[in-house]
Amino acid sequence: MKIVLIFAAMPAQIYSPFTNFNFSNNKCFLTGQALNSPEEQIQVFPQWLMSRYELEDKPFKLLDESMATYKDLKLPCTAEINELYLEPLENEIAAAFDTGYDAIKALDEQKLFLWAGKLLYGIIFNEIQAGIKLQHSQGEEFNISQSIIHKFNNLHMMLQSLNLPIEFDGFKPYSLVLFKVDNAEDVFGYRDEINTLTFSLRIKDFGLIICLQDNGANARYHQEALDKIADNILHPIQFEELNARFFYSAYLFNRLPEYDIFNIGDTISLEALPLRGTSSKPLFDDWMNKTYGQVLENFWKNWGFLLLEIIKNPEKPMSFLFNANGEFKDANELGLQK
């Protein structure tokens, strides 16, 4: 990762737990400050969200195949950081989610990015803790790829724009798409993929997808489809189809975004380097319909469509978003359950 530091005395210091790989519960996850008490913790899935959808005791599967519950996932966080920066964000997001699509659309996108990023980073933190514990119990050193560390470290750095004067200079580090969805009442549709830092949430009357570290590349990749959907209300199966497209393209995205860091006055400025870099290789690997079909089968589990049906025509996988002419399908004409 190329980082250029230009300053004499930095007014605010970016904290990186990945430098010494310190993921203990006695330091604040965001600042690295020592905690005053083991009780200084926050929930990864905010309490308001867990209460609304009765998630507390529901199972949450970690990457090492161990099982936790939603309420087991916590982050060490000083009371001060929580009170000054995290609680106000949670309150604003919770109020918007209570209202639904229109209120969320009116939110500052960056706040949604930071909220989703904090949640996903909380899962990463717990996964790393579990991984360290497991490998140490087997007498092995914890090992994780440098490319994954690179992405996680960048996300953590950007989360510190909550408590530090960090600005993104002329770029968005994410792709974020929001749709009005005709969901069933009380549905809670959550997905994530931490290796690609992709997040999705389908609740109330909306569906939200965020690729947290792509500098907008996935949204550009799907721009033609997004233009056709425009402001149409989606059936849940249509949203899940789009979800599958984004999760698959995030997997195909083959760049590691890099940033220059400058100190300008009291501000820490992040400047995105060109994604293309010195490589002539396209930003995305080749789209394979069979692999996409497998992803789509998983996202369509609620409706029972199997891979053989989905890729019956290998050149044109099944779609509820677009007809044979590539035109958007009206959700009211699909005749499917929510």
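The chain contains eleven helices and twelve strands. With a radius of gyration of 21 Å, close to the 20 Å given by the globule rule for 338 residues, the chain is as compact as a globular protein of that length. The model is a predicted one. The C-alpha trace extends over about 60 × 50 × 45 Å along its principal axes. Buried residues make up 53% of the 338 in the chain.

### Helix pairs

| Helix pair | Angle between axes | Axis separation |
|---|---|---|
| H5 (residues 109-137) and H6 (residues 146-159) | about 135° | 10 Å |
| H3 (residues 79-99) and H5 | about 105° | 11 Å |
| H9 (residues 236-252) and H10 (residues 289-299) | roughly 135° | within 9 Å |

Helix H5 packs against H6 at an angle of about 135°, which makes H5 oblique to H6. The crossing of these two helices is left-handed. On the H5 side, the contact is formed by Phe113, Leu114, Gly117, Lys118, Tyr121, Ile124 and Ile128. Helix H6 contributes Phe152, Leu155, His156, Met158 and Leu159. By class, the residues of this contact comprise nine nonpolar, two polar and one charged.

Helix H5 also packs against H3, at an angle of about 105°. Angles of 65 to 115 degrees count as roughly perpendicular, and H3 and H5 are therefore roughly perpendicular to each other. From H3, the residues involved are Leu89, Glu90, Glu92, Ile93 and Phe97. Their counterparts in H5 are Lys111, Leu112, Leu114, Trp115 and Lys118. This contact consists of six nonpolar and four charged residues, with no polar ones. Leu114 and Lys118 of H5 take part in the contact with H3, and both are also listed in the contact of H5 with H6.

The axes of H9 and H10 cross at roughly 135°, and the two helices are therefore oblique to each other. The crossing of H9 and H10 is right-handed, whereas that of H5 and H6 is left-handed. In H9, the contact residues are Glu240, Glu241, Asn243, Ala244, Arg245, Phe247 and Tyr248. These meet Thr291, Tyr292, Val295, Leu296 and Phe299 in H10. The contact divides into seven nonpolar, two polar and three charged residues.

### Individual residues

Tyr248, a residue of helix H9, is buried, with a relative accessible area of 3%. With residues up to four places away in sequence not counted, Tyr248 touches Asp286, Trp287, Met288, Thr291, Tyr292 and Val295. Of these partners, Thr291, Tyr292 and Val295 are among the H10 residues that meet H9. Tyr248 and Asp98 are separated by 150 residues in sequence and by 30 Å in space, C-alpha to C-alpha.

Gly326 lies in the segment after helix H11 (307-310). This glycine is buried, as its relative accessible area is 18% and the cut-off for burial is under 20%. From Gly326 to Ala250 the C-alpha to C-alpha distance is 23 Å, across 76 residues of sequence.

Ile144 is placed in the loop between H5 and H6. Leaving aside its neighbours within four places in sequence, Ile144 is in contact with Phe21, Ile149 and Phe152. Phe152 is also one of the H6 residues that make the contact with H5. Ile144 and Glu224 are 80 residues apart in sequence, and their C-alpha atoms are 36 Å apart.

### Positive phi values

Two residues other than glycine have a positive phi. Lys204 has a phi near 50° and sits in the loop between strand S9 (198-203) and strand S10 (206-211). Lys204 is partly exposed, with a relative accessible area of 37%. Ala230 has a positive phi of about 50° and is found in the loop between helix H8 (223-229) and H9. The relative accessible area of Ala230 is 44%, and the residue is partly exposed.

Terms used. Residues numbered from 1 in each chain as written. Predicted model: local features only at pLDDT ≥ 70, side-chain atom pairs only at ≥ 80, totals over all residues. Heavy atoms only, no water. Axes fitted to C-alpha atoms, helices over the stretch in contact; angles between N-to-C directions. Helix = DSSP H or I, 4+ residues; strand = E, 2+ residues; numbered from the N terminus. Parallel < 35°, antiparallel > 145°, perpendicular 65-115°, else oblique. Left-handed = near helix turned anticlockwise from the far one by under 90°. Contact = heavy atoms within 4.5 Å. Nonpolar A, V, L, I, M, F, W, Y, C, P; charged D, E, K, R; others polar. Rg over C-alpha atoms; globule rule 2.2 N^0.38 Å. Buried < 20%, exposed > 50% of the residue type's maximum accessible area, 1.4 Å probe, protein only.
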